[in-house]
Amino acid sequence: VLRCYRRLGHNESDDPSVTQPMLYNECIAGHSTLPTSYGALLAAEGIMDAETVEINRKALDASLDASRNAQSAFELDDR
């Protein structure tokens, strides 16, 4: 099953519980996140155990955080 929706609205400043309260509160808020759903599927099918899924999720989060931190520290040269 493929689920495609913007869990947090149209952009970072949108609060979907305000702009689309019925849709968000009745449908989207009750869904698990994609990483949670996919991790459960991988574990259920015996592809990875739950512990390995969690280790990989934490490694990905750490990589994304490091990239975000490196980007925020980037400064342009005054050429």
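**A pocket and a helix**

Author: Let's start with the second largest pocket, which has a volume of about 280 Å³. On a 1 Å grid over the protein atoms alone, a pocket is an open set of points with protein on both sides within 12 Å along at least five of seven lines, and lining residues have an atom within 4 Å of a point. The volume is the space filled by probe spheres set on the points, and the probe is 1.4 Å. This is a predicted model, where local features need pLDDT of at least 70 and side-chain atom pairs count only at pLDDT 80 or more, while totals for chains, interfaces and linings use all residues. Residues are numbered from 1 along each chain as its sequence is written, and side-chain values use heavy atoms, leaving out hydrogens and water.

The pocket has 14 lining residues, with Pro35, Thr36, Gly39, Val53 and Arg57 nearest its centre. Helix 3 (34-44) and helix 4 (50-73) each give two or more residues to that lining, and helix 4 gives the most, seven. Helices here are DSSP runs (H or I, at least four residues), numbered from the N terminus.

Now follow Arg57. Its side chain forms a salt bridge with Glu54, the closest N and O atoms being 2.6 Å apart, and another with Asp61 at 2.5 Å, N to O. A salt bridge means a side-chain nitrogen of Lys or Arg within 4 Å of a carboxyl oxygen of Asp or Glu. Glu54 and Arg57 sit three residues apart in helix 4, so about one helical turn separates them. Asp61 and Arg57 are four residues apart in helix 4, also about one turn.
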